[in-house]
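I opened the notebook to record what I looked up in this structure.

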Amino acid sequence: MHIIVGITGGIAAYKTPELVRLLVKAGHEVRCAVTEHALQFTTRATLETVSSNPLYSDLFAGNDHGTEHISLKDWADWMIVAPATANCIGKMANGIADDALSTLLLAMPTQRVLLAPAMNSQMWNHPSVQHNLEVLHQWGVHTVGPESGVLACGTDGIGRMAEPVAIADKIRDLAASSTTITPQRRLANQRWLVTAGPTYERIDSVRFIGNYSSGKMGYALAEALAKAGAEVELVSGPTALGDIDSPNVNITRIESAREMYAAATRLFPSCHGAILSAAVADYRPESTADHKLKKQGDKGMTLHLVQNPDILATLGSMKGTGQTLVGFALETDNEMANATGKLQRKHLDYIVMNSLRDAGAGFGFDTNKVSIIAADGQITESPLLSKKEIAELIINTVTN
Ligand code: CTP
C-alpha cells in the first residue's frame, strides 16, 4: 500500500520514525508529511532516511504550483497522523487547512485517515477535544489510542500515543476490512490502452483531412485509469493537449490512422483492456504529394480516397480471454441500433454512445453525456457531466 505518515508537534513524534520503519518493513511505500512544530521533535533527515522519500512540509515548495497535496492524496491509500495533537484534531474537525499537513488531511477521504492522538490528560479530557473526535468519528475517521501511562509532563494518566507496533497493526486490520470502500488503486498491476484525438490524413506537404476531435475525452480516460493505479499506454493523434502529469501514463504521439493502427495493434496484446475514443478518419487520400499541390487552372479538384484500417474491429478480432475492449460511437440518428450493431460487429465488451443531439456533448466541449452499452445489453446512462466525471463513470463501469 501507499501510506502517508503525518507528524504533528508532540513529544511522541520521536517514536514515529519507528512506525515508518515498521510500515516499510511490511512492504508499504511511505511518504512523510510534517508540520513545522513536528520538526522540533524529530528530524527531516531521519524521516527521509527511514521512508526513502522526500519529506512533504511546505505547500509552496517545488514548482507544482501548490498542488502536491492533491497528487499526494491521489497517490495514497491511507494517511496516518502520529502523533495527532489536540490542535491537529481541532483543525481537521473544523475544516482548517493552514499548512501542508492540514491541507493534505482535508484532501484525503475521511475513511482513509487513521489518527493516533497524543496529548496531556487534561487536554485529552477537554470537552472541545472530545467533541472534535466525536465529529471526526461520525465522518468515518479512525483512531488508535491514546494509552494510559506516564506522560511527558511527569504525570500519570491517559494521553500517551499508541505504540508504533499497535498503529501498524491497526492500519493492517483497517486495510484488510475495507472492502466496502472503493480501493483507490484497484487497477494496480493492470495495463490499459487508450486512443485519443483525431487523425490527420495527409493530402500534400501542407494539407490534411482531419476532424474536430479535441482529444479531451481520451486524455480524461487515461488520467482516470492512472488514478485508479493502472499503467496507461495513450496513443494520441494531434491535439493541443500537453503531457499528462503522471508517471503511469506513456504517450505515443501519432498523426495518421495507419500510424495509430500500428501502435495500437503492437500494444494491445500486453494490455488488460483498451478504450478506443479516438475519432479515426475512415478514409485517407490514395496518394500523398511530398510538395504543395498547385491549382490546376480554374477547374475543380478530385481527391481519390481509400479506406483506413478499422483499429477497433482489428483489436476485436485479436482479443484474448480476460481482455476488455471498449469502443465509442458518435451517432446522429438511429443511435441505439447503430451503436449496438457496432458493439456486436466489432466484438466489443462495451460501447460508449455519444449523441450529437445532446447539447454540450461531443467534440470540443468540456462536458459530455453518454450511454454505456454492455455486451449483455445492460445500459448505464449519464447526465451531462464534465469529461473527467464521464471518464470516471466509464472506468468504473468497464472495470467492474
Ligand atoms: N475506430 C477505429 N478505427 C477506425 C474507425 C473507427 O478504431 N478506422 C473506432 C473509434 O475509435 C471508435 C469506434 O471505432 O471507438 C467507432 O467509430 P465510428 O467512426 O463511430 O464508427 P465506424 O466503425 O467508423 O462506423 P460508421 O462510420 O459506419 O459510423
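**Entry 1. Model.** I noted first that this is a predicted model.

**Entry 2. Ligand shell.** I listed the 13 residues around the ligand and found that Leu 276, Ala 278, Phe 328, Lys 342 and Lys 346 come nearest. By class, I counted 8 nonpolar, 1 polar and 4 charged residues in this shell. I then asked which elements supply at least two residues of the shell. They are helix H11 (311–318) and strand S16 (324–331). The largest contribution is that of S16, with 3 residues.

**Entry 3. Polar atoms facing the ligand.** A polar side-chain atom of Lys 346 lies 2.4 Å from a ligand oxygen, and one of Lys 342 lies 2.8 Å from a ligand oxygen. For Ala 278 the atom concerned is a backbone N or O, at 2.7 Å from an oxygen of the ligand. The ligand taken alone exposes 570 Å², and the protein buries 77% of that.

**Entry 4. Helix H11.** At the N-terminal end I found a cap: a side-chain oxygen of Asp 310 lies 3.1 Å from the backbone nitrogen of Leu 312.

**Entry 5. Largest nonpolar core.** This core holds 31 residues, of which Leu 221, Leu 225, Leu 234, Ile 275 and Ile 394 touch the most other members. I recorded the elements that give two or more residues to this core: strand S8 (191–196), helix H9 (216–227), strand S11 (231–236), S16, strand S17 (350–355), strand S19 (370–374) and helix H13 (387–398). H9 gives the most, with 8 residues. As a general remark, nonpolar side chains tend to be buried together in soluble globular proteins. I then traced the contacts of Leu 225, leaving out residues up to four places away in sequence: Leu 187, Trp 192, Val 194, Ala 230, Val 232, Ile 275 and Ile 395.

**Entry 6. Helix H1.** In helix H1 (residues 16–25) I found Thr 16, Pro 17, Leu 19, Val 20, Leu 22 and Leu 23 buried. Against which elements do the buried residues of H1 pack? The partners are strand S1 (2–7), strand S2 (29–34), helix H2 (44–51), strand S3 (78–84) and helix H8 (164–176). Just after H1, Gly 27 has a positive phi of about 100°.

Entry 7. Helix H5 (residues 100–107) is mostly covered, with 6 of its 8 residues buried. Leu 104 is one of these buried residues. Leu 104 is also touched by Leu 72, together with Ile 4, Arg 31 and Tyr 56, not counting residues up to four places away in sequence. Leu 72 belongs to helix H3 (residues 68–75). I class Leu 72 as buried because its relative accessible area is 3%, under the 20% cut-off.

Entry 8. Ala 263 is in helix H10 (residues 257–267) and is buried, with a relative accessible area of 5%. Ala 263 touches Val 235 and Thr 252, not counting residues up to four places away in sequence. Asn 368, in strand S18 (residues 367–368), counts as buried at 2% relative accessibility. Its side chain makes a polar contact of 2.6 Å with the side chain of Asn 354.

**Entry 9. Cis peptide bonds.** I recorded a cis peptide bond joining Ala 82 and Pro 83, with omega about -5°. Pro 83 lies in strand S3. I also recorded a cis bond from Gly 145 to Pro 146, with omega near 5°. Pro 146 is in the loop between strand S5 (142–143) and strand S6 (147–150).

**Entry 10. Positive phi outside glycine.** Ser 52 has a phi near 55° and sits in the loop between H2 and H3. At 62% relative accessibility, Ser 52 counts as exposed. His 347 also has a phi near 55°, in the loop between helix H12 (335–345) and S17.

Methods: Residues numbered from 1 in each chain as written. Predicted model: local features only at pLDDT ≥ 70, side-chain atom pairs only at ≥ 80, totals over all residues. Heavy atoms only, no water. Near = heavy atom within 4 Å. Polar contact = N/O pair within 3.5 Å; in protein donor to acceptor, adjacent residues only side chain to side chain. Areas by Shrake-Rupley, 256 points an atom, 1.4 Å probe, with all protein chains shown as cover. Helix = DSSP H or I, 4+ residues; strand = E, 2+ residues; numbered from the N terminus. Nonpolar A, V, L, I, M, F, W, Y, C, P; charged D, E, K, R; others polar. Buried < 20%, exposed > 50% of the residue type's maximum accessible area, 1.4 Å probe, protein only. Contact = heavy atoms within 4.5 Å. Core = buried A, V, L, I, M, F, W, Y, C linked by side-chain atoms within 4.5 Å.
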